[in-house]
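Take a moment with the chain before reading on.

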Amino acid sequence: MRPPPRAAAPPGTATGSPFARFSGDAEVTTRLFCFPYAGGGTQVFRGWQERVPPDVGVTGIRLPGREQRFRERPFDSWPQALGALTEALAPETERGPYAFFGHSLGARLAYELAHRLAADGLRPPELLVVSACRAPGVAPRTPPMHTMDGPTLHRRLREMNGVPPEVLASRALMKLLEPVLRADLRLAETWEPSPGRIAAPVLALCGEGDDIDPYEDMVAWKHHTTAEFAIRSFPAGHFFLRDEEEAVLAAICGRLGTGGAP
């Protein structure tokens, strides 16, 4: 007789590691923590370690509801998300220099965590990379997606090239993905940015064809750091992260002082 299926863990109950480490520690001097976009997982960053210098260690942040944490319920509020991620990252800040990269929802998480860690008196990141995310205080250009009905949401995802066509075409896969995606989108679209500036330099990355978070909505990130600011654009849309991976990594590594063009 088969055992009954396990119920989903309550929000914030960790059943899997929040870290996917793609490097050893032998040569690493700076660790790059990477936060995915809504619905994304650490597989987005799996190939990055091979494309960065050996002294940069890439670690993907595994959010609940996916991969080894698929039995956990996704975060459903900002206090919950920041509380759990701050607790996980606090010991990591003591291990040496680190940087944050986040794309879309991931950029919001990275920015808020930079504030939270500083408020707790912990070591700040050496660099904050915000990718495909409008600056705090800039109004959204598009209607919220987490409240869209199924067909409308799927059509918008297809337009954005945000989900592979074969996944969108599969009812079974979308049944698994959609609750996590909606929860992540709700988090992204209810973001109330923390006031003030962070001490870390900020590098903003955007897509030239992005109608969600265009260049002009990201340049205002310069007002949210007390350190240096730079912005780079790439010839792609909102998910330029996939299309321009090599150029994105060169920009990040250039700002970390490990090679590549800033």
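Predicted model: local features only at pLDDT ≥ 70, side-chain atom pairs only at ≥ 80, totals over all residues.

Residues are numbered from 1 along each chain as its sequence is written, and side-chain values use heavy atoms, with hydrogens and water left out.

Start with strand S6, residues 202-207. Strands here are DSSP runs of E, at least two residues long, numbered from the N terminus. Six of the six residues in S6 are buried. Buried means under 20% relative accessible area, with a 1.4 Å probe and protein chains only. In a regular strand, side chains alternate between the two faces of the sheet. In S6, Val202, Ala204 and Cys206 point one way. Leu203, Leu205 and Gly207 point the other way.

Now look at the partners of S6. Two strands pair if DSSP finds at least two bridges between them. Strand S5 (residues 128-131) pairs with S6 in the parallel sense, over four bridges. There, Val129 has Leu203 of S6 as its bridge partner. Strand S7 (residues 229-234) also pairs with S6 in the parallel sense, over six bridges. Gly207 has Phe234 of S7 as its bridge partner.

A disulfide is a pair of cysteine sulfur atoms within 2.5 Å. For Cys206, the nearest cysteine sulfur is that of Cys133, 12 Å away. Cys206 is buried, at 0% relative accessible area. For Cys253, the nearest cysteine sulfur is that of Cys34, 10 Å away. Cys253 counts as buried too, at 6% relative accessibility.

Conventions
Buried < 20%, exposed > 50% of the residue type's maximum accessible area, 1.4 Å probe, protein only.
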